[in-house]
Amino acid sequence: MNTPKNDLFLKALQGATLDRPPVWMMRQAGRYLPDFMKLKAKYDFFTRCQTPELAAEITVMPIDQIGTDAAILFSDILVVPQAMGVDVQMKPDIGPWLPNPVRTQADVDRVEVPDVHERLHYVMDGIRHTLERLDNEVPLIGFAGSPWTIFCYMVQGQGSKTFDKAKALCFSEPAVAHQLLQKITDTTIAYLKAKRAAGVHALQLFDSWGGVLSPEDYTTFSWGYSKQIIDALGDEVPVIMFAKGCWYALQEMAQSKVSALGIDWTCTARNARYLTGGKMTLQGNFDPSRLLSPIPEIQKRTRDMIEQFGTTNYIANLGHGILPNIPVDHAKAFVDAVKSYRPRRY
Ligand code: CP3
């Protein structure tokens, strides 16, 4: 595989000494970009995901318009439950909507572990199209939801603040919950291997809903499964684990084959460095809402964040996905502040 011309992101994942960290933004492909809104008005969500030319066009938008050091494929974590035979819809004001949630042993028995090459070939086609469009300028990140986060949507049937129905299944019928989590894990391993074979340079696992679990339940119902994925892939490709709200698990996660750990804005750089032993590459953790601050404030806070994390073993990013109401010039100010950062020499 060719090394991209801008390989700062891959170097940070390897722990190379750098003068400035690389920068990208979670959920950078879509949401706040006016050109994306135009495509959104024309094509429904899954059409955008399933059409390789459209996915590639949306993926390269932030590279051309904002100048991030890495691209993340336009897709969604919910294409996995779809491929497992579960109906997933995207409703304009509700978000993800699964009309037939998985809640019983019989439901779990019906869930398939599919041939990902057949059901998700459009994602691999999207990767190949995107690599052509990127022309080796920057690396491409592939991703999946963690088994726990996918389980949350499959069982709850929609987004939730508490995911109480998903947790209820774990606590009342743990054997059924574990069977479903294992099916999701097996599918995700095959899916990410296929993404790697199609040419992505790195992978990120999004455990967006890990933080609804207690530390003990996190180990049982979430980390145990994400770790299987990291064990299966970590020797072949750099894997970034982003577990939102799970600072308490950083120490355990740092012992695995991950190349980097994502940090949200509720955890200080100092605490994250302490918990992960000092040398692990960390990614994050600018509060996405802080991009609503005036530009000089964004610039100052971005520089402060780099001072706190350091320029080596660090990837500048947000602490979660960019919000749809962020002005484009504010997002660009964040990225530019990282790119123009130079260490203070004393
Ligand atoms: O990073 C990127 O920009 C690449 C594309 C990407 C999307 N979803 C596109 C999308 C990525 C990496 C995701 C991941 C994702 N999807 C996560 C994990 C990251 C996170 O934010 O926690 C989760 C939990 C989902 C599930 C999901 N998909 C939700 C809750 C929603 C609705 C609300 C929203 O905008 O987040 C989606 C829809 C979705 N996925 C949109 C986009 C651009 C918006 C809908 C649309 O464009 O029609």
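Predicted model: local features only at pLDDT ≥ 70, side-chain atom pairs only at ≥ 80, totals over all residues.
A polar contact is a pair of N or O atoms within 3.5 Å. The side chain of arginine 27 places an N or O atom 2.7 Å from a ligand oxygen. Glutamine 28 contributes through its backbone, with an N or O atom 3.3 Å from an oxygen atom of the ligand. On its own, the ligand has 840 Å² of accessible area, and the protein covers 87% of this. In total, 21 residues surround the ligand. The closest are Arg31, Arg48, Asp76, Ser208 and His320.

The fold comprises 16 helices and nine strands. Along the principal axes, the C-alpha atoms fill a box of roughly 65 × 45 × 40 Å. Of contacts between residues at least 6 apart in sequence, 75% join residues at least 24 apart. The accessible surface amounts to about 14,300 Å², and carbon and sulfur atoms account for 49% of that area.

Buried residues make up 56% of the 346. The largest nonpolar core holds 126 residues. Phe9, Phe151, Tyr191, Met241 and Phe334 touch the most other members. Helix α11, spanning residues 174-198, supplies the largest share of this core, with 10 residues. Beyond its neighbours within four places in sequence, tyrosine 191 contacts Ser75, Val79, Val80, Val116, Leu120, Val123, Met124, Phe143 and Ala144.

How values were computed:
Residues numbered from 1 in each chain as written. Heavy atoms only, no water. Core = buried A, V, L, I, M, F, W, Y, C linked by side-chain atoms within 4.5 Å. Buried < 20%, exposed > 50% of the residue type's maximum accessible area, 1.4 Å probe, protein only. Helix = DSSP H or I, 4+ residues; strand = E, 2+ residues; numbered from the N terminus. Contact = heavy atoms within 4.5 Å. Near = heavy atom within 4 Å. Polar contact = N/O pair within 3.5 Å; in protein donor to acceptor, adjacent residues only side chain to side chain. Areas by Shrake-Rupley, 256 points an atom, 1.4 Å probe, with all protein chains shown as cover.
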